[in-house]
Each structure stands twice: as structure tokens, then as C-alpha cells.
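Trainee: I'd like to learn how to read aromatic contacts in a model. Could you walk me through them?
Mentor: Gladly, let's bring it up.

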Amino acid sequence: MSPTEIPCALCGARDTTRLYTKYELGIERCRRCGLVYANPRAPEADILSRYSHDYFWHEYLPAAGAPEGRIDFDFIDGRNAAMLRLIRRHSPSGTRMLEIGSAAGLFLKAAERAGWEVGGVELSAAAADFARGKLGLDVRPEPVEAMTFPEGAFDVAVMFDVIEHLFDPRTALQATRRALTPGGILVVSTPNLNALSRHALGVDWAVLSPREHMYYFTERTLDRMVQSSGFGPATFERRFDGRDVDETMNYRQTHAPGHWRARWYKALLHRAGETLLPIVQTTGRADAIICVASNSAYGAPPDRAPGDSA
């Protein structure tokens, strides 16, 4: 099958301008609303084929700090402590947490160990089996749009590095909202199209991968997507203490590590990374966006951070 032209998931327009061409596929910006997305889109079967049993065991688990399925609980507790603190600050009385795209369940296990009742959905059968069998978690191998958790079952829903992979992010967010209690909180993290790294590394920035990442959000377009799905206005956690220089401005996130751009960026961060860190965070140029929103029918979170540029 050939790649397919698709309309903008935010405004429905089909009027785009090309930003990048990579692996013979386009990454384009909607002229009407500014959302950036992979267009034309590779066939769904080709995209989903990457998330295989071998990928889970030989790529995902080692990268997640659990090679061959070996779990160091102190490690996963420490790795996820800052995010759990952030969530607790936004949901001080919450007890039940849902993760969309929970993969092997490592974050959910850390949340459970911190006192949360947890559940998750995960499309990868290998990952869901691992979460259930190895970690004893209620992770269901089903799409978020058809999840079998009852409505209003959770106080918090999280979605980490998932929304950019989804074929229909608005429908997924709407389904997530239905699973939340009145006043429930949504926390989303996703790569930041406005990141310093994207400007530094150019087309070789590894996030620009149209067979893997369907959408490329800025704070502005993510806010619009969240609100169009029924949530209140988003707030953005720019000064997140859970990510250091390497995670905030990752020079390794390149498909061309030998290119002069990658070498220059690495040298810059080695010399001035600690000085740049608070500036990059405060100005919304970190590698990831962290967005928090509430179920708008029951009240919205505090005023959001200032808008960004595309």
C-alpha cells in the first residue's frame, strides 16, 4: 500500500506546507491551525509492525533499564519519583491512576509502590503480558478508544511519549477523559517541536521520524488538542526537576551522530549545558513538553504558561 494523504487532526483542513522530507515521507504543517504531522502517512500495518515481540525484548526493555526483563525496583522508583511528585501536586487526594500506553508497566509499578491503585492499556501484546505476568499489574491489551475500564474509574490519567504515535489523538483523549472522575487530571508528555535540539540538529533530529511519530506538538497545538477533546486549558511544567541536561537537550537524539551539527551541539552542551538548562526550560525549549489539564466540565487548572511560537 502507498502512503495516504490525511487531513489535519486538529482542524480538519487539508492545506499544508512541507517542513521536512525524511525516509521518503513528509512532515508538514497545517496552514490553518499550525499542527505539524506526518503527511502523507505510511500504511498503518507498516507503522505497527515496528512494535514487535523482538522490539519489546531487545530494544525497549534495555532502553528502559530492564534488560532481559530484570527489574531493579529501587531504580524504577528513583527514575519515576519526580513525575510522581508532580502528579501528587496536581492531584493531592487522588488514589487511582490510569496509564495510556503503559508498555511494560514500569511507571505504573513505581506508582503502585508509591501507594496508587493503577491500571493501564497497551497495544503491544508482549508488553501487556510482561506487565501482567512479571509485575502483577492490570494492564489490558486493548486500544484506548475501546478500553474496558468503566467510566469515571480514575482520578489521574497519564500518557508519556504516546500521543505522538497515535493515529487519532483527539479520539484517544476523549476516551481518556471518560475514564476520569469529575475534576480528574490528565498528564501528557511528548517531544517538543520547539526544542532547542530540533533547531540545533536539524532534519537529523531523531524525533523527526514519520514512520514512528505521527504528530509533532508545540505547547500551543497540544493545548488546542487537549481543549478540543473536552479538557480545560493546559498548564505546562517547564521547570520539571526530573530531567537533567542530557534529557533536556539530548545531543544523542540524532540520526547522524557524525554530522557537524551533532558534534557542535555536543561540544556546546559539554561547555555550557548547566548554564543553558534553566534558560531552555523557562523558555519552553526543552526536548519534551509536560502538559497538565483537568476535566473541564468540573473545573480547570490554574492559568497556563505563556504561549509559544511554532
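Trainee: Which residues form one aromatic cluster?
Mentor: Keep in mind that this model is predicted. The cluster is made up of Phe56, Trp57, Tyr60 and Phe130. Across the whole structure, a search finds 10 aromatic pairs. One of them joins Phe56 and Tyr60, with ring centres 5.6 Å apart and 15 degrees between the planes.

Trainee: How do I read that angle?
Mentor: Planes under 30 degrees apart count as stacked, and those over 60 as edge-to-face. Phe56 and Tyr60 are therefore a stacked pair, at 15 degrees.

Trainee: Where do Phe56 and Tyr60 lie?
Mentor: Both are in helix 2, residues 53–63, and they sit four residues apart, about one turn of the helix.

Trainee: Is Phe56 buried or exposed?
Mentor: Buried means under 20% relative accessible area. Phe56 has 3%, so it counts as buried. Tyr60, at 23%, is partly exposed.

Trainee: What kind of aromatic pair do Phe56 and Phe130 form?
Mentor: That pair is edge-to-face, with 5.7 Å centre to centre and 65 degrees between the planes.

Notes
Residues numbered from 1 in each chain as written. Predicted model: local features only at pLDDT ≥ 70, side-chain atom pairs only at ≥ 80, totals over all residues. Heavy atoms only, no water. Phe/Tyr/Trp six-rings, centres within 6.5 Å; stacked < 30°, edge-to-face > 60°. Helix = DSSP H or I, 4+ residues; strand = E, 2+ residues; numbered from the N terminus. Buried < 20%, exposed > 50% of the residue type's maximum accessible area, 1.4 Å probe, protein only.
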